[in-house]
Amino acid sequence: PPGFDAQRYDAHPFALELEYARKLDGSAIAERSIAEMKRVGDFSEAQSKAWLALMMQAFPNVGAQDRLTGLHDGKGGVRFFFNGKQTAAINDKDYARLFFGIWLSTKTTAPGLRAELIGQG
């Protein structure tokens, strides 16, 4: 949206929705998310365990055309939805910055996708 500062993505409200093309285990999504978050920034083992537990709740097994949505309030609040139904929520600025940083940080493993998401692709 107008005024969106990609360098400060964690200070803006937005939704990020992923539509899956194939079957994937929810625990694999959660574990991969933790690994990708570690590329974005450092966090403790205690945070890792707590966040993994949250994502195990947030991310069920998915199939083709299922949607997982993360809603960020711009203040650290995150709500997750599976096909429109809320599955989990957290209010943690560090988590929000690192989780959405998987796609929006300059440290992302998918710079082309990041460019498209922030309107530069």
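How many residues has helix H1, and what distance does H1 reach from its first C-alpha to its last? H1 has 15 residues and reaches 21 Å, close to the 21 Å expected at 1.5 Å a residue. The expected span is 1.5 Å times one less than the number of residues in the helix.

The model shown in these views is predicted: local features need pLDDT of at least 70, side-chain atom pairs count only at pLDDT 80 or more, and totals for chains, interfaces and linings use all residues. Residues are numbered from 1 along each chain as its sequence is written, and side-chain values use heavy atoms, with hydrogens and water left out.

**View 1. Helix H1 and its buried residues.** Helices (H or I, at least four residues) and strands (E, at least two) are DSSP runs, numbered from the N terminus. The buried residues of H1 are Gly26, Ile29, Ala30, Ser33, Ile34, Glu36, Met37 and Val40. Buried means under 20% relative accessible area, exposed over 50% and partly exposed in between, with a 1.4 Å probe and protein chains only. The cover over these buried residues of H1 includes H2, E2 and H3.

**View 2. The crossing of H1 and H3.** The axes of H1 (residues 26–40) and H3 (residues 93–104) come within 8 Å and cross at roughly 100 degrees. Axes are lines fitted to C-alpha atoms, for helices over the stretch in contact, and angles run from 0 to 180 degrees between N-to-C directions. H1 and H3 are therefore roughly perpendicular to each other; angles of 65 to 115 degrees count as such, under 35 as roughly parallel, over 145 as roughly antiparallel and the rest as oblique. From H1, Ser33, Glu36, Met37 and Val40 meet Tyr95, Leu98, Phe99, Gly101 and Ile102 of H3.

**View 3. The four-stranded sheet.** The open sheet has the strand order E1-E2-E3-E4, with antiparallel pairing. Two strands pair if DSSP finds at least two bridges between them. At the edges are E1 (13–19) and E4 (85–91), each of which pairs on one side only. From one strand to the next, the twist averages 15 degrees. Helix H2 (residues 45–58) packs on the sheet, where H2 touches E2 (67–73), E3 and E4, and the direction of H2 makes about 165 degrees with that of E4.

View 4. E3 (residues 77–82) pairs with E4 in the antiparallel sense over six bridges. Phenylalanine 82 has lysine 85 in E4 as its bridge partner, and phenylalanine 81 stands opposite glutamine 86 in E4. Two residues lie between the strands of this hairpin, and asparagine 83 in the turn has a positive phi of about 50 degrees.

**View 5. Serine 48 and its contacts.** Serine 48, in helix H2, is buried with a relative accessible area of 8%. Not counting residues up to four places away in sequence, serine 48 touches Ile34, Lys38 and Phe43; contact means heavy atoms within 4.5 Å.

**View 6. Valine 62 in the loop between H2 and E2.** Valine 62 is buried, with a relative accessible area of 4%. Leaving aside neighbours within four places in sequence, the residues in contact with valine 62 are Tyr20, Arg22, Lys23, Leu24, Ile29, Leu68 and Phe82. The C-alpha atoms of valine 62 and arginine 22 are separated by 7.6 Å, although 40 residues apart along the chain.
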